[in-house]
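Thanks for taking a look at this one with me. Here are my notes, point by point, for someone meeting the model for the first time.

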Amino acid sequence: TLIWQKVFSPKNSAKYISEDHDFILVYCRNSDVWRPTLLPRSKESEDRYGNLDEDSRGPWASSDLCARNYYGEGTYSVICPSGRVINGPPHGTYWRISKSKFEELNRDKRIWWGEDGNNMPRQKRFLSEVKDGVIPQTLLTYKLVGHTQEAKKELLEFVSFENTENVLNSVKPTRLLRHLIKIGTKPDEQDLVLDFFSGSAPMAHAVLEQNKEDSGNRKFVLVQLPEPLKTEENAAKYISDLGKSRIRNVITKIRSELEGQLDLENHQQIDLGFKVLKLDRSNITPWRAPDKTISDSDLLQQMELNVDHIDPNASQEDLLYELLLKAGIKPTESIEKIELAGQSLFAIADNALIIHLQGTSSQEVIDAVLALAPSQFICLDKAFHGNDQLKANTVKTFATFNQGKEGVDRIEFRTV
């Protein structure tokens, strides 16, 4: 449980006690395996390391060798390089390590006695040997991760509101979200950040900004119900409209910041695109098995209704994305329109999937698809209407191509 200090001054309107914090729950799938990503050290933290004795092992910082907790071997005396005898640690404390360990560290010049060799001993910890970063802490101060007023200021910077009552009050600052992203992801592992209550899309904003900072390749998926605004605006009817507007404006800002910069850290490789998908009914009428008592004429009529089972009002894009999802392909994969044998087809994820959505097909098209050797080929069934021989030949052609092949070499052929 993390504690976020969400405000920086007491609320005088509070009836009893000003509520200054919120809780953030952190879960992991397997606590035996998962470890948080270490946070980068601040300049202040780096400045704690020096090299007062010009140790060849590099910069170091000293840590206290005394602890309050009882340790059975922690009450011995030590002799300073100056010759002064220290009978033991201060009253009420114990040395953290045994006498033999202390002497071992001292021989290795890992004990600091002060510049005159007469101080209370401290252990030297070399920067080259400590963890490559800082362990995250449960207390998140507003100075570290931002506060609610900062969050609202960010929202108003990237979203134009016509009506004040539409300004959201529960938005999170991107510094807070970026802090969590840094703990839970790594820049180069193609991590996916999911936000099921996206609101005005501060999570997308945070992912884009974090990718810009560390040249990361994180992706985001945001989900938002079509919740209407309190007052409909010309450019926004739902809360999700605010999110789309914000993402576009953030991308525009990042692009302008990157223009003219030397690309020394692959900033130009940052993915600054996004797609918006809306949940809708299927564009394909499913076959419903008739009742056993149905008459032959009614069965024939039902079959005729399913000859053309594609919604005539569906656009190619509508049908394309539905087929992507049904084929197990992410809708964020690359989509390219290609020309094969005089017809337009869609190539997805570098030809991993080819989709043919035009109403007619030909042997030349089939041969051209085989030449690309995709993992899947999906074609509209109506492309074979009136040409049963072409459909039979296509099935046989793919079966012959797949004969004796296994795994990725095979092509799965389907019609819808």
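1. Let's begin with Gln 343: is this residue buried or exposed? Gln 343 is buried, because its relative accessible area is 10%, and buried means under 20%, exposed over 50% and partly exposed in between, using a 1.4 Å probe and protein chains only. Gln 343 is found in strand 14. Helices (H or I, at least four residues) and strands (E, at least two) are DSSP runs, numbered from the N terminus. Which residues does Gln 343 touch, leaving aside its neighbours within four places in sequence? They are Ile 338, His 356, Gln 358, Thr 360, Ser 361 and Val 365, where contact means heavy atoms within 4.5 Å.

2. A word on where these values come from. This is a predicted model, in which local features need pLDDT of at least 70 and side-chain atom pairs count only at pLDDT 80 or more, while totals for chains, interfaces and linings use all residues. Residues are numbered from 1 along each chain as its sequence is written, and side-chain values use heavy atoms, with hydrogens and water left out.

3. Helix 9 spans residues 316-326, and its buried residues are Leu 319, Leu 320, Tyr 321, Glu 322, Leu 323 and Leu 324. The cover over them includes strand 13 (335-340), strand 14 (343-348), strand 15 (353-356) and strand 16 (376-379). After helix 9 comes Gly 328, with a positive phi near 80°.

4. Please look next at the loop between strand 14 and strand 15, where you will find Ala 349 and Asn 351. Most residues other than glycine have a negative phi. Ala 349, however, has a positive phi near 55°, and Asn 351 has a positive phi near 70°. Asn 351 counts as partly exposed because its relative accessibility is 26%.

5. Elsewhere in the chain there is an open sheet of 3 strands, with antiparallel pairing and the order 3-9-8. Its edge strands, each pairing on one side only, are strand 3 (60-64) and strand 8 (111-112). Two strands pair if DSSP finds at least two bridges between them; strand 3 and strand 9 (residues 122-126) are joined by 5 bridges and run antiparallel. In that pairing, Ser 62 has Lys 124 of strand 9 as its bridge partner.

6. The loop between strand 8 and strand 9 holds Gly 114. Why does Gly 114 count as buried? The reason is its relative accessibility, which is 10%. Cys 80 is 34 residues away from Gly 114 in sequence, and the C-alpha to C-alpha distance between them is 9.7 Å.

7. Finally, the chain as a whole. Its secondary structure comes to 11 helices and 17 strands. The radius of gyration is 33 Å, whereas a compact globule of 416 residues would have one near 22 Å; this radius is taken over C-alpha atoms, and the globule rule is 2.2 Å times the number of residues to the power 0.38. Along the principal axes, the C-alpha atoms fill a box of roughly 110 × 65 × 55 Å. Of the 416 residues, 38% count as buried. Among contacts with a separation of 6 or more, 62% come from residues 24 or more positions apart.
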